[in-house]
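Dear colleague,

Please find below the structure that I am handing over to you.

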Amino acid sequence: MFDWINASLNRKIGSILAVSLSFLLIVIGYSIYQVRAINHELREISHVDIPLNEVITQVEMLQLQQHLSIEQFRLLLEKGHKSENTVESFLNRHQVITNLLNRATNLVSTSLNNDEIQFKPDQYQLILTEIYDFSDVNQEFEKQLETLLINGNLPAETWQRLELTAASLDKNIVNILGQISRLTQESAQYTEEHQRSFMLIETSLGICAFILSSLLAAYVLHVMRSRIHHIHQQVEQLHTSLEHGEPIVRPDNKGLSSSDELGELELDLKRMIMRLSDEMDTRKEVEQQLLTLATKDKLTNTYNRHKWSEQIQLLINLSEQGNTFSLISLDVDHFKKVNDTYGHQMGDKVLQELANLLQKDITKPDMVFRMGGEEFLILLTRQSVDAASKIAERLRHEIEVLQIEGLPKFTASMGVTEYHFDETEDQLMTRADEALYHSKENGRNRITVVA
Ligand SMILES: Nc1nc2c(ncn2[C@@H]2O[C@H](COP(=O)(O)OP(=O)(O)OP(=O)(O)O)[C@@H](O)[C@H]2O)c(=O)[nH]1
């Protein structure tokens, strides 16, 4: 089935337009059909019902005049007079009535034959038969009357019979007229109801189309807005992370497939954020590596001379707040001999094992530095010279007793001193070197403390 939710924006908007247009086409088609039907019904009223009414009304009027004229003629005869004018006008009217009745029957039969009568055609058929019957009876009646009028022979019982027939003809024509009027009225009512229901259905269809299109459009807008909001949030989050140097939050992998243009945009954004996050991670790793390279000694993994300069300056600055610190200067005894006897590589190994030992013993915030060759410095933060001398002695002993398979035994000499407030780095270093020199001079594998 057509996946509307995941379809592209073009297809979504296109389908809304298609639905609206379909409704519009239905409304137009239905309107045309209904307007034609109503038009047909109105034509039926104007072309059949109204003219038929008029003709039959005229027949009724003439019929009445005819009867009056007969009465007049009879009265004249009773008085012994006979009017030729009355006979002539009677004959004329008779002709007009015959013509009108022919017109009426023609009108109904032609309309029925041409299927112009949609509303109750059987009733019209009935009316047509009644008009035919009326016409026949009337024709016979007029013929008899005409003969009698021309002969002037009018016995009383003949008059009576003719009057009865005339009365019955009157009744018939009134009856036919009544039927036609009723039919016209019903037809008009039917057309009116038809028009009303047409308007109602038309309005309902229009409202349905409007509501459906509005709902679809509102839904698409809502979905688009929430998705744009989501994209905006991700961009904001990325912006905040970059601004504050915080780690970039990686977007979840679910839903990583494009559906429409917004989906593609979201997908591109997620990919971009992921790439950026990866690059930031790599950058952090590289930074960390650079920092290590810049601050650590490659062979022993202790801090290097560069870090020493930075750290000593920091501690000197902190000393202004009353924080003291001590320094142990350490040098491997007769290291040249180790190199010469066991080779340079073994010398390196000795330096590495020494560094391991020192780093195991000296923990944060205290730090071990390799200043070059076999010379190390140990910076003891917030330690007095007494505490530093104890540490130095402990270290010296640990080095002396260190036994590692394949590694030659070695010792180290140390100079211990404490920083004096307001002195320079050089002054401190000179004192530490002097203490170390003193240890070397006094036989090595010992510590010398210079407060
Ligand atoms: N294996 C190795 N040897 C080094 C390294 N750096 C310096 N050396 C050697 O360390 C030795 C230092 O010798 P000296 O300065 O004479 O001192 P020493 O032999 O330890 O004698 P004292 O300090 O007086 O006890 C030299 O032979 C250097 O070549 C290094 O990174 N690795």
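The notes below cover the ring pairs and then the ligand.

This is a predicted model, in which local features need pLDDT of at least 70 and side-chain atom pairs count only at pLDDT 80 or more, while totals for chains, interfaces and linings use all residues. Residues are numbered from 1 along each chain as its sequence is written, and side-chain values use heavy atoms, with hydrogens and water left out.

A search of the whole structure gives four aromatic pairs (ring centres of Phe, Tyr or the six-membered ring of Trp within 6.5 Å; planes under 30 degrees apart are stacked, over 60 edge-to-face, the rest tilted). Tyr30 and Phe198 have ring centres 6.1 Å apart and planes at 35°, so this pair is tilted. Phe198 is buried, at 9% relative accessible area (buried is under 20%, exposed over 50%, partly exposed in between, with a 1.4 Å probe and protein chains only).

Tyr303 and Phe369 also form a tilted pair, with centres 5.8 Å apart and planes at 45°. Phe369 is buried at 0%, and ring pairs join Tyr303, Trp308 and Phe369 into a cluster.

A polar side-chain atom of Arg444 is 2.9 Å from a ligand oxygen.

Yours sincerely

Note on methods
Polar contact = N/O pair within 3.5 Å; in protein donor to acceptor, adjacent residues only side chain to side chain.
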